[in-house]
Amino acid sequence: MPDCTADRLRKLIAGYLGVDSSRVTDEAHLSDDLGVESLDQIELLLIIEDKFAGIQFSDPPAIELVGDLLRYIEMTSITQSNLISAAA
């Protein structure tokens, strides 16, 4: 995954939560470190779906860390790229 995607995601999370982007590291726990509650997480996932083309969280795995979220986006992007290549 290009660094620009990770940077975009970190900035989006920081802006949504109103925290400094330096706090949004791969190891940051969404609820414990960043204060994301369950309803906030749902809204954040909806915002990410809107800002990142092709990303959907219809059945996401457990996402507790920012790094989990980045890996999910990476896996979803790779899967979509492979499907597009196969269809061509």
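Tutor: Let us begin with the core. A nonpolar core is a set of buried Ala, Val, Leu, Ile, Met, Phe, Trp, Tyr and Cys residues joined through side-chain atoms within 4.5 Å. Buried means under 20% relative accessible area, exposed over 50%, and partly exposed in between, with a 1.4 Å probe and protein chains only. Here the largest nonpolar core has 23 residues, of which Leu9, Ile13, Leu34, Ile48, Phe57, Val66 and Leu69 touch the most other members. The elements that give two or more residues to this core are α1 (3-17), α2 (38-51) and α3 (66-87).

Tutor: Two remarks on the source are needed. This is a predicted model, in which local features need pLDDT of at least 70 and side-chain atom pairs count only at pLDDT 80 or more, while totals for chains, interfaces and linings use all residues. Residues are numbered from 1 along each chain as its sequence is written, and side-chain values use heavy atoms, with hydrogens and water left out.

Student: How many helices and strands are there in the protein chain?

Tutor: Helices (H or I, at least four residues) and strands (E, at least two) are DSSP runs, numbered from the N terminus. The protein chain has three helices and zero strands, in the pattern α-α-α along the sequence. Of its 88 residues, 32% are buried.

Student: Which residues is leucine 9 in contact with, leaving aside its neighbours within four places in sequence?

Tutor: Contact means heavy atoms within 4.5 Å. With those neighbours left aside, leucine 9 contacts Ile48, Phe52, Leu69, Leu70 and Ile73. Threonine 5, in helix α1, is in contact with Phe52 and Ile73 when neighbours within four places are likewise set aside.

Student: Does threonine 5 count as buried or exposed?

Tutor: Threonine 5 counts as buried because its relative accessibility is 15%.

Student: Where is glutamine 56 found?

Tutor: Glutamine 56 is in the loop between α2 and α3, and it counts as exposed because its relative accessibility is 55%. Not counting residues up to four places away in sequence, glutamine 56 touches Glu49 and Tyr72. Glutamine 56 and threonine 76 are 20 residues apart in sequence, yet 8.3 Å apart in space, C-alpha to C-alpha.

Student: Is leucine 39 buried or exposed?

Tutor: Leucine 39, which lies in helix α2, is exposed, because its relative accessible area is 67%.
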